[in-house]
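Please work through the following exercises with the sequence and the structure at hand, and try each task before you read its solution.

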Amino acid sequence: MNPLDRYERLVDAAEAFLAACDRPLPSVVRVNGIAATPERAREALDEEGVTYEMVDWSDRLLRLPDGSPGTTWPYVHGWLHGQEEVSALPALALDPDPGDRVWDACAAPGSKTCHLADLMDDSGVLIGNDNNLGRLSALRHNAERLGVSNLVVTNDDARNFSLDSLGIDALDGAVADVPCSCEGTCRKNPDVLEKWSLGHVESLVGIQKGILRRAIELTRPGGEVVYSTCTFAPEENEAVVDHAIETTDAEMVEWDAPLETSPGVTEWEDQQFDDSLRKAHRVYPHQNDTGGFFVAKLRVGGGDAGEEVSA
C-alpha cells in the first residue's frame, strides 16, 4: 500500500497531491542574514553565473533550477545555506527576538537552528540539542560556516533535558521539530514510502509527546513553543499536540503562515481532536511545490509551569 493513499480525503485535490509527491524537489537556499543581505547574496550569485528564482513568499529563499551552489564562494563563506522552503517555517513561526533564550530540541544537522540564530541577530542564548552525537558534528560545521556565535551545543535526550547546568531558569521559546516518519520528504527520499509502516508511526508517538511536553515545561509562562514534523500522519501531528493541550497548560495560538497551507484536522479515523487544532498548518506538496510539513504554535500559560522548569 502507498501510505499517501491514507491522506487523499484530507487534501483538496488528491490527484495533484499524489502527482506532486512523485516530482523531484526543487533545490533551495536560504540567505544567511548574519553574513549578507538578500540583495548582496543575489548579486554574488549573479557574479558567479548561478541561475536562481525568487521564492514569492520570502526574499531570503532562492530556488536553484540547476541544483546546489555548494561549490560557489557565497556558499562556502556562509552567505547561503541549503534549506528546504518548508524547513524555514518553524523558526518563522517562533519568531524569536534578539536576546531571547531559545531551545532547539532536535537540532542536528542545524538548518533550523542557524535560522533561529539569524532571526535572533546572533544574540541571546540558543541551545541546539540532539541525542545523536554523530549528527552534532554537522550542526557544529554548519554553525561555524554561517558565523553563528550564540549557540550552545548539547547532547541529551530531549525528553529529559535540563537547563540547570546552563544557568538558565526558563526559556522564552522552543522549537520541537521531532523525529517522525518523514512522509513529507518523499520527493527527495522516495525510500521513506517503501519503508513506511503504521507500526513505525505508532512507535514514534511516545517520543514526540515526550519532547513536546518537555519543551512546554522548560518554557516560561507566556513563552511559545513550535511543534513541527515533515509527515502527513495525524497520529504524529494533531494527536500529539492534542495530547499536550490536554495534559499541560499550553494552548494553540494563531500564526499566519506566509505560504498556502491547509488547517489542521480535528478528527482522524476514530480520534477527535480539540477544535483549536484548526490553527495548525498542514503543507501539502502540490500547494507550493515544496515538501510536506506540519506546524503548530502553542503558548505556555501560567499556573505551575514555571515551577517545573528545573525538574
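**Exercise 1.** Find which residue of β6 is the bridge partner of Val102, and then describe how the chain gets from β5 to β6.

*Solution.* In this predicted model, the bridge partner of Val102 in β6 is Leu126. Taking the two strands as a whole, β5 (residues 101–104) and β6 (residues 125–129) run parallel to each other and are joined over 4 bridges.

**Exercise 2.** Determine in which sense β5 and β8 pair, and over how many bridges.

*Solution.* Then widen the view to the strands, where β5 and β8 (residues 171–177) pair in the parallel sense over 3 bridges.

**Exercise 3.** Work out the order of the strands in the open sheet formed by 4 strands, and say where α5 packs on this sheet.

*Solution.* The order is β2-β3-β1-β4, with antiparallel pairing. The edge strands, each of which pairs on one side only, are β2 (53–55) and β4 (80–82). Neighbouring strands are turned by 40° against each other on average, if direction is ignored. Looking at one pair, β1 (residues 28–31) and β4 are antiparallel over 3 bridges, and Val29 has Gly82 in β4 as its bridge partner. Finally, helix α5 (residues 111–119) packs on the sheet and touches β1, β3 (58–63) and β4, while its direction makes about 30° with that of β1.

Key: Residues are numbered from 1 along each chain as its sequence is written. This is a predicted model: local features need pLDDT of at least 70, side-chain atom pairs count only at pLDDT 80 or more; totals for chains, interfaces and linings use all residues. Side-chain values use heavy atoms; hydrogens and water are left out. Two strands pair if DSSP finds at least two bridges between them. Axes are lines fitted to C-alpha atoms, for helices over the stretch in contact, and angles run from 0 to 180 degrees between N-to-C directions. Contact means heavy atoms within 4.5 Å. A crossover is right-handed if, with the strands pointing away from the viewer, the path from the first strand over the helix to the second runs clockwise.
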